[in-house]
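Good morning, colleagues. Please look at the sequence and the model first.

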Amino acid sequence: MNILITGGLGFVGTQLSIRFLGRGHRVTVVDHAPQPRPYTPQEVKYVPADTTVPGAWQGEMEAQHAVINLAGTSIFTRWTKKTKQLIYDSRILTTRNVVEAMPAGKETLLCSTSAVGYYGFRDDGELTEADNPGSDFLARVCTDWEKEAGKAADKGARVVITRFGIVLGKTGGALGQMVPLFKIFAGGPQGTGRQWFSWIHMDDLLDAFVFVFDNKTIHGPVNFCSPNPVRNKDLARALGQVLSRPSFLKTPSFMLRVILGEFGSMILQGQRVIPARLLEHGYTFYHPEIFGALRQVLG
């Protein structure tokens with residue numbers, strides 16, 4: 001297959017390129033950097049472009065059998081008015097341009113990223129793909145993002161919306177920010193620690209993509225997260241055990257709000273998301289429990 005990945009130089013995109021190249025597919029990566037990273041596989045065809053604006057990069061879409069849409073400015077920063085606009089535009093405009101460039105009448109697969117933030121801030125109830133969206137900023141971003149991707153169905157594409165939990169992997173992501181604090185004995189729960197943390201090991205994320213590619217009856221939203229979300233305090237405890245560090249030093253709620261603004265408030269809340277559709281279709285998780293997943297990543 002010919003597979004195009006937008007935002008393909010990042011934490012997830014690089015690993016997806018490696019996985020699909022290993023399965024014999026041809027991979028084209030579109031990203032904003034002028035040239036690929038030193039760790040980008042040499043077999044990848046690289047196209048530098050600003051995907052928020054139409055351009056020659058859209059011509060790559062004609063030959064693709066599948067498109068994985070990962071592009072989007074990181075949310076892991078202080079949310080200013082400018083930053084929030086970048087978060088929104090990088091996702092909605094890119095997805096709109098991707099869909100506009102997809103050929104009509106061709107059964108292309110579009111896997112367009114979203115996030116468990118779609119569900120907004122919830123209490124302890126379990127959430128599945130059947131639940132409605134929230135109303136906070138990130139939920140609104142996800143809702144509009146998914147609507148843009150859904151328009152590809154009008155062209156005959158099979159559209160899968162992959163709602164990511166927090167991805168745990170060796171080369172960055174959330175653990176890249178958390179582990180240094182634990183190593184200097186400054187790690188622990190955030191706020192009360194009772195907020196839910198929906199996560200997925202990188203191996204399961206990659207295999208879930210392969211599973212969706214191979215199961216042509218799957219379409220619509222699919223939660224890409226472990227069947228066993230944990231509370232923030234349990235995540236901290238497991239991380240401390242794996243790193244042989246204490247995990248009792250709490251980050252006060254007010255400090256997160258001061259440092260990160262609105263994003264700090266989001267960290268202090270969460271959602272308990274279950275991958276109902278993956279489980280219904282028979283997907284088996286390699287790393288369903290948080291301690292084993294962290295030990296595999298950090299051991």
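I begin with Val 30, which belongs to strand β2, residues 26–31. Please bear in mind throughout that this is a predicted model. Is Val 30 buried or exposed? Its relative accessibility is 0%, and the cut-off for burial is under 20%, so Val 30 counts as buried. Among the residues that Val 30 touches beyond four places in sequence are Leu 4, Ile 5, Thr 6, Val 47 and Trp 57. Gly 7 is another of these contacts; the C-alpha atoms of Val 30 and Gly 7 are 6.1 Å apart, although 23 residues separate the two in sequence.

Next, strand β7, which spans residues 158–164 and contains Thr 162. With a relative accessible area of 0%, Thr 162 is buried as well. Leaving aside residues up to four places away in sequence, Thr 162 touches Ser 112, Thr 113, Ser 114, Phe 209, Val 222 and Phe 224.

Let me now turn to the aromatic rings. How many aromatic pairs does a search of the whole structure find? The search finds ten. One of them joins Tyr 118 and Tyr 119, with 5.2 Å from centre to centre and 90° between the planes, an edge-to-face arrangement. Both of these tyrosines are buried. For Phe 164 and Phe 224 the ring centres are 6.1 Å apart and the planes meet at 5°, so this pair is stacked. Phe 164 lies in strand β7 and Phe 224 in strand β11, residues 220–224, so the pair ties together parts that are 60 residues apart in sequence. Phe 164 is buried at a relative accessible area of 11%, and Phe 224 is buried at 0%.

There is also an aromatic cluster, formed by Phe 76, Trp 79, Phe 137 and Phe 263. Over the ring of Phe 137 sits the charged end of Lys 84, at 4.8 Å from the ring centre. In another such arrangement, the charged end of Arg 91 sits over the ring of Trp 145, 5.1 Å from its centre.

I come now to the nonpolar cores. The largest has 36 residues, and those touching the most other members are Leu 16, Phe 20, Ile 68, Leu 205, Phe 209 and Phe 224. Which elements give two or more residues to this core? They are β1, α1, β2, β4, β5, β7, α5 and β11. Of these, α5 gives the most, with nine residues. The contacts of Phe 224 beyond four places in sequence include Ile 200, Leu 205, Ala 208, Phe 209, Val 212 and Leu 278. A second, separate core holds 22 residues, among them Ile 87, Val 116, Cys 225 and Leu 260.

My last item is helix α10, residues 290–298, in which Ile 290, Ala 293, Leu 294 and Val 297 are buried. Viewed down the axis of α10, its buried residues fall within an arc of 95°, so they line one face of the helix. What covers these buried residues? The cover includes strands β8, β10 and β12 together with helices α4 and α6.

Thank you for your attention.

Conventions
Residues numbered from 1 in each chain as written. Predicted model: local features only at pLDDT ≥ 70, side-chain atom pairs only at ≥ 80, totals over all residues. Heavy atoms only, no water. Helix = DSSP H or I, 4+ residues; strand = E, 2+ residues; numbered from the N terminus. Buried < 20%, exposed > 50% of the residue type's maximum accessible area, 1.4 Å probe, protein only. Contact = heavy atoms within 4.5 Å. Arc of directions from axis to C-beta. Phe/Tyr/Trp six-rings, centres within 6.5 Å; stacked < 30°, edge-to-face > 60°. Lys NZ or Arg CZ within 6 Å of the ring centre and 35° of its normal. Core = buried A, V, L, I, M, F, W, Y, C linked by side-chain atoms within 4.5 Å.
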